[in-house]
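Subject: Structure handover

Hello,

Here is the structure for your files. My notes on it follow below.

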Amino acid sequence: MRARTRSPLRRPPRPRLLLALIASVGLLLGLTSTAALGQEPKEAAPKAAQVLNWTAGNDITHYLSAPETAVAGPATIVFENSEATGNTTGMPHTLTFDVSSEEYNKDVNLNILANPSDAEGGKHTAEVVLTPGTYHYHCTIPGHTSMTGTFVVTDGGGGDDTTAPEISAKVAGDQNADGAYVGSATVTVEATDAGSGVDTIEYAIGADGDWQPYTTPVVVDQVGDQVVRYRATDKAGNAAAEKSAAFTVVTGSTDDKTPPETSATVAGDQDEDGAYLGMATVTVTASDTGSGVNTIEYAIGADGDWQPYTGPVMVHEAGAQTVRYRATDKAGNAAAEKSVEFTVVVPPAEDTTAPVVGAEVSGSKNSDGAYIGSAKVTLSATDDDSGVDTVEYSIDEGPYLAYAKPVVVDRVGRHTLAYRATDKAGNTSQAGKVVLSVVEGGGVPAPGCAEFDERKTVFVGTVDSGVPNRITENRCRINERIEDEKDWTSNALFLKHVTQVLGELKAENVIDQRERKAINQAAKQSGIGTPGQTTGYRDLMDGSEKSFKKWEQVGGGQFALNEDGSISSSKTVDGMGMLWFPERKFDNFSLKLRFRDDGAGDYNSNGGVFVRFPQVHDNPEQESPEWVAINYGHEIQIFDNPSGDMYKTGSVYGFDRVGLAGAGVTEKGTWNDYEVRVVDQHYKIFRNGVLLNEFDNAPGQKFEPPRDGDPGTDGRRYASGYIGLQVHSTTDLISYRDIRIKEL
């Protein structure tokens, strides 16, 4: 049944400009209710006997409150997203019932958009009729998709069924004259329920055995007196009282006069004297080729009680220990008691304390505290137990390098130097860090590197050599000296250059012979300079003010250019928007850039790259420029949060999902290389050189989850289009740099 709302039919007051924009976006997405639109209900729902409440506030990850259960029949739905529920930012939310998934009820079509400044002050109601089953609800505002849940509707708790199931058990098998079962007995459990029906049947062997689901008759072949307990419940929740079947199993006629063979092994970490450190594990085995093993028992110490052996026995008590063991077979033959003796000692105190490590920064500073020309970082480490083994450092999230002498940082810009130490017992200290800025001045000039490439490993083209991308003697990194993005006219010329660079790096002791071969092999595999691969990359944003001004911001949010040449989203200018490159469209291309998640604390930011969208201004189908890219281009998602939106980094948003396990997640705050390669209607997405996703932009594909007015892939099959970068909000802080493109 379609939900009907109860809202006065009056025109809402004029909201603030920002909320008006949000509301208009919501209408374009179909995020509305009859309350929001002020439509007259076409029919009246029955008056509800129950009220179900949902609330929301500033949080975009979950509803503040929601029901878990309900009873079938009329219900009043109340959805409140107001100042009273803690919404102090004017954030809109929807309460939308899922009517497309087969596993959930689809008979209630509810879609309410609420915000504190709407005509109802953010509190809306709707009358619905619920049927037994499970309903799924969610928020359809972009970026709010982790606001989701389910509730279960029952018919009132099982109707009039208050009677537990009837249960019984039958024991079958060959019996001797005394009624004992020869060899084995088979127990069949039956349960019936004339009311709501049987829900579960369980059984347990012995007085203390664990309960297990009953699915087939239970075979008991252990010789001796046996008990099988059983129970059942119905679908109304009534539980039958536990019952049991008792019987005896005896061995059949046999000529077996030989007892089982038994043995035991002791395992665990030992000291040089053979004593076990902290614990010893005793494993007992028994075999019988006649009637078969019936029981295995063990006892700890000379006077310990015998206990059934069910698994390896762990002995923790320090001192000399004895574990006795024995077994019987089904013919009643008993193996002679045996034992194993060993010693358990308290392990010596281990060094579990990491080294203490520190850093001191020196150099000339200006009045702003920035270092003029260069800064020198001196590291120190001490360890009072096993002693310091290694000290390492990393510059700007690069690979950790062995520390041997003070580190000179002389590249202009803001830098982070992380450092750590490991002792001889393997304990590694928590990484410390110093943050410093270097400005131009009287120091050594910044290195004149041909390219800027700070990936963690050496890539040649798209081939990862696996070799750490170290800083070399001229203060450029290995990747920057290889120059794989240059316009090489032949493969032979490029390989000659690589051979020369590798010889220099080997002489500088930056790489060893194995690493030299690995990089050389990657260069051969890259194909750089071969026909079809002679055109290099063009910078769209190289870190200069001039290149930054070629881009245009549309919608909400803002980016700012940093001293190090990167751009970062604003912490103060709110709203979702896009920075796009309006100079020209691109047909087939490889777009490369670097991104970094700058979200506060443990927060993972949401960002993305827009490609293949049309001119954003004066679009006849869409007034908001940023929504032209959203609705008529493809967003290549950037999002490493383990919860929230189901589309993670590498996803083609709304069409081709990559889960967190396939997103190539790196440590937060790390610069990541991102490549989007588009040829005709085929998309490839790479992160740090690894292929995350391939997508064919075939016609007829729908946006998921469904979004009203979205044209699907039919509205996104342009042969060329523009490039853009997403800004999501003031909490979704993200930085980009080194944006370049190669036409294919």
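Helices α4 and α5 run roughly antiparallel to each other, which here means an angle over 145 degrees. This is a predicted model: local features need pLDDT of at least 70, side-chain atom pairs count only at pLDDT 80 or more, and totals for chains, interfaces and linings use all residues. Residues are numbered from 1 along each chain as its sequence is written, and side-chain values use heavy atoms, with hydrogens and water left out.

The α4/α5 pair

Helix α4 covers residues 491–507 and helix α5 residues 513–526; their axes come within 10 Å and cross at roughly 165°. Axes are lines fitted to C-alpha atoms over the stretch in contact, and angles run from 0 to 180 degrees between N-to-C directions. Helices are DSSP runs of H or I with at least four residues, strands are runs of E with at least two, and both are numbered from the N terminus. Contact means heavy atoms within 4.5 Å.

Helix α7

Eight of the eight residues of α7 are buried, so the helix is largely enclosed by the rest of the structure. Buried means under 20% relative accessible area, exposed over 50%, and partly exposed in between, with a 1.4 Å probe and protein chains only. I630 belongs to α7 (residues 625–632) and has a relative accessible area of 13%. Beyond its neighbours within four places in sequence, I630 contacts M576, F610, R707 and R716.

Nonpolar cores

A nonpolar core is a set of buried Ala, Val, Leu, Ile, Met, Phe, Trp, Tyr and Cys residues joined through side-chain atoms within 4.5 Å. The largest has 35 residues, and L591 and Y736 have the most contacts inside it. Another core, of 25 residues, lies apart from it and includes A56, A75, V108 and F151.

Strand β28

S380 sits in β28 (residues 375–382) and is partly exposed, at 45% relative accessibility. S380 and V357 are 23 residues apart in sequence, with their C-alpha atoms 5.6 Å apart.

Regards

Technical notes. Parallel < 35°, antiparallel > 145°, perpendicular 65-115°, else oblique.
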